[in-house]
Amino acid sequence: MKTIVSGLALIVAAAPALAQDFPLTLEHSFGTTVIEAAPERVASVDYAGADDLLALGIQPVTIRYWYGDHPRAVWPWADPLLESDAPVILRGDLDFEAIAATDPDVIIALWSGIDQEQYDKLSLIAPVVAVPEGVDAFGLPWDTRALLTGEAMGRAAEAQALVDAIRSQMAGIAAAHPDWQGLTSAVAHNWEGTPGAYTATDIRPQVMTALGFTNAPAIDAMVTEPDQFVVDLSPEDLSPLNVDLLLWVTDQAGFPHVMDMAARAYMPAVQEGREVFVDAELTSAFSHASLLALPYALDRMVPMIEAALDGDPATNANLVAAE
């Protein structure tokens with residue numbers, strides 16, 4: 001973690017110190033927000049929203065709890081950047097009184113799932129930065145989310161530098177693995193006995209696409225609604241997961257719920273050792289897809305993918321990493 005944090009600090013320090021004009025007007029799905037001056041007190045009601053703020057050197061006055069057993073509601077890749085005086089942790093439904101009590105200058109709600117009524121209530125507290133028009137509540141790409149956050153904070157240049165560094169990291173990984181280009185991949189799970197996989201509109205397959213992979217065509221063919229980010233599969237028929245690289249994500253300790261699926265044993269990726277088991281912490285980093293989480297996820301995932309695609313079915317380095 002020290003390497004990641006130090007690297008972020010160097011990138012931000014190297015970013016050009018360009019003046020950003022305020023007042024700033026932002027158009028979004030709920031209307032228009034005007035931010036009069038660069039914010040000093042920033043409330044986040046986003047799931048994973050604290051990550052991008054911390055990467056930009058901003059201490060949020062509120063953090064929205066997503067999941068996981070972390071007292072300050074941030075995961076290991078972000079915790080070192082959070083100062084000792086913990087912000088207000090928002091759990092469950094939004095507590096508007098608790099948010100108002102922090103006296104924020106602006107509220108970030110880019111990945112929050114708020115509706116018009118909640119937006120209106122939040123707007124009575126402070127200007128709200130919401131998802132752009134025509135974008136699903138959780139469909140905002142990681143880089144757009146980070147850049148919008150940076151713009152709203154008056155730190156557009158710093159955000160651009162961090163985004164460019166991660167894009168460069170992904171491009172470097174893809175260039176170092178030309179054999180990955182065009183291979184199919186699937187990011188799958190088994191939540192509460194129902195297996196499924198993420199579609200190309202989800203952030204996790206989008207990361208894999210940046211590394212050169214193509215999301216499982218059979219999975220994307222199952223989409224029935226606009227912006228559908230996940231599809232369910234039958235436990236008896238996992239054939240849509242017949243891909244070159246199969247990644248299993250989890251929120252549990254270990255993967256017995258995956259291993260126990262009878263149909264799994266007949267899948268080519270299983271028989272040929274082309275699976276990657278993404279443990280709970282790495283699953284969270286993969287899912288947060290933030291300026292802090294993505295470098296962490298990429299550093300851990302790449303060796304696991306290499307092991308899965310080395311042509312040796314007996315290779316189990318990815319299994320060891322998941323235990």
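Trainee: How many cavities of 30 Å³ or more does the count come to here?

Mentor: Please keep in mind that this is a predicted model. A cavity is a space where a 1.4 Å probe fits but cannot get out, and in this structure the count comes to one cavity of 30 Å³ or more. The space in this largest cavity is about 70 Å³.

Trainee: What is the volume of the largest pocket, and which residues are closest to its centre?

Mentor: A pocket, in contrast to a cavity, is an open set of points, and the largest pocket here has a volume of about 520 Å³. It is lined by 21 residues, of which Trp66, Trp111, Asp202, Arg204 and Phe229 are the closest to its centre. Helices α7 (203–210) and α11 (280–288) each supply at least two residues of the pocket lining, with α7 giving the most, three residues. The pocket lining divides into 11 nonpolar, five polar and five charged residues.

Trainee: How should I read the sheet, and in what order do its five strands come?

Mentor: Strands of a sheet pair through backbone hydrogen bonds, either parallel or antiparallel. In this structure, five strands form an open sheet with parallel pairing, in the order β5-β4-β3-β6-β7. The edges are held by β5 (88–90) and β7 (128–130), each of which has a single partner strand, so one side of each is left without a neighbour in the sheet. On average, neighbouring strands of this sheet are turned by 15° against each other, direction ignored.

Trainee: How many bridges join β6 and β7, and which helix lies across both of them?

Mentor: Strand β6 (residues 106–109) pairs with β7 in the parallel sense over three bridges, and Ile108 has Val129 in β7 as its bridge partner. Helix α5 (residues 142–153) lies across β3 (42–47), β6 and β7, and α5 runs at about 175° to β6.

How values were computed:
Residues are numbered from 1 along each chain as its sequence is written. This is a predicted model: local features need pLDDT of at least 70, side-chain atom pairs count only at pLDDT 80 or more; totals for chains, interfaces and linings use all residues. Side-chain values use heavy atoms; hydrogens and water are left out. On a 1 Å grid over the protein atoms alone, a cavity is a set of points where a 1.4 Å probe fits but cannot get out, and a pocket is an open set with protein on both sides within 12 Å along at least five of seven lines; lining residues have an atom within 4 Å of a point. Grid points are joined across faces, edges and corners, and a volume is the space filled by probe spheres set on the points. Two strands pair if DSSP finds at least two bridges between them. Helices (H or I, at least four residues) and strands (E, at least two) are DSSP runs, numbered from the N terminus. Axes are lines fitted to C-alpha atoms, for helices over the stretch in contact, and angles run from 0 to 180 degrees between N-to-C directions. Contact means heavy atoms within 4.5 Å. Ala, Val, Leu, Ile, Met, Phe, Trp, Tyr, Cys and Pro count as nonpolar, Asp, Glu, Lys and Arg as charged, and the others, Gly among them, as polar.
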